[in-house]
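Subject: Structure handover

Hello,

Here is the structure I promised to pass on. Please look it over before reading the notes below it.

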Amino acid sequence: MVQQTDRFDSLSELFNEAIIIVDRTGVVERSNAKAFELLGAHIAHRPLDNFLRHPDFQDALDAASTNGKITDLNYTRMGQVRRDFKIRIAPFDDGQIILIIFDITMELSVERIQSEFVANVSHELRSPLTALTGFIETLQTSAKEDVDARERFLGIMQSEADRMQRLIDGLLSLSRVEAEEHRPPRDALDLMKVVEDAIAALRFRASSNDMEIVVTNDWPEVDGVPVVNGDADELSEVIHNLIDNAIKYGHDGSEIAVRISTGRGVDQKFRPDLARVQIINQGDTIGEEHLSRLTERFYRVDKGRSRNMGGSGLGLAIVKHIVNRHRGRLRITSNDGETCFSITLPCVMRS
Ligand SMILES: Nc1ncnc2c1ncn2[C@@H]1O[C@H](COP(=O)(O)OP(=O)(O)OP(=O)(O)O)[C@@H](O)[C@H]1O
Ligand SMILES: [Mg+2]
């Protein structure tokens, strides 16, 4: 018995799982440190079902002690955070029963995220597809001879097809950026130039909404130019997505400010080793409750409005992943109609 106890102690501590030995009535005889951590040290020599309530628990114990049967039970604990477990119950020595508790919280949450993602993508694709199918049917039947209607419908079909194209482009971009995220970029880039180049392509779109993009460079002249280790295409995509939003969600006729300056640390103090790009627009204030969720894929404050503007809710998710890859930080604030997206990136220090 002493030998068995020693063996249990040394072996059970090698596993990440909680391992418990109970007698045939379910009273705890032995358990490893992980089991104490999960259920509390007070389980020792007490009936386990006082701490681990499951309707099939007793049946599983009976099946193990009388028929030598192994049973797996799914078990969920709803504490501050939900945790999911699989409990394997199997016969052990001398009528004892062993329980191994596997923590499957991560596995299940990955599965949940994946199925949620598939559901979201399908949902996003369904509405333009339904519209396209509807118009094709109309063109084949009632609007067959109607030249005006045909032109109008073809225009709508084109914009629905464009929406699907943008969604696919966004998804591809997101998956490319996610795959790269753990590999920091290496090229030394002049941040100011990346920003200027990205903006040049958007000035025309801004002006068609009667908006102006005003760039201010507050980077101290003595420090030369802000140089970051980056990927030019990705940083350009960040600026592009943020200004695209500023144009879409800013008020017509308002100004979009782009400021480059020395960054600040979490304590708000200036840090010469950080560069900051801020994109500020005037429009509706984004409610506090939305701010932390904006970078989730497919998250939109006003689904209908954003969708009408052709948005699929992927732009900021892409921005977040690119900024993470660059070991930078994204901060979003929105007060009194002024919304600011602020990106802080580590600079290449030069002596
Ligand atoms: N400058 C802004 N002002 C107000 N709301 C904004 C601003 N930028 C983003 N949002 C809100 O955040 C949501 C998410 O933005 P995001 O760029 O991820 O998606 P989108 O613009 O709807 O679509 P996509 O960028 O994929 O075309 C938007 O739908 C909008 O509700
Ligand atoms: Mg966007």
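This is a predicted model: local features need pLDDT of at least 70, side-chain atom pairs count only at pLDDT 80 or more; totals for chains, interfaces and linings use all residues.

Residues are numbered from 1 along each chain as its sequence is written, while chains are lettered from A and ligands numbered from 1 in the order in which they are written.

Domains first. An automatic or database assignment gives domain 1 (2–103), domain 2 (114–180) and domain 3 (185–351). The C-alpha centres of domains 1 and 3 are 52 Å apart.

Next, the sheet. It is open and mixed, with five strands in the order β7-β9-β10-β12-β11. Strands are DSSP runs of E, at least two residues; helices are runs of H or I, at least four; both are numbered from the N terminus. Pairing takes at least two DSSP bridges. β7 (212–217) and β11 (329–335) are the edges; each has a single partner strand, so one side of each lacks a neighbour in the sheet. β7 and β9 (255–264) run parallel, joined by six bridges. One pairs Ile213 with Ile256.

Last, ligand 1. Its shell holds 22 residues, and Arg300, Val301, Gly311, Gly315 and Leu316 come nearest. Near means a C-beta atom, placed from the backbone, within 6 Å. Helices α8 (232–249) and α11 (315–325) each give two or more residues. α8 gives the most, with four.

Best wishes
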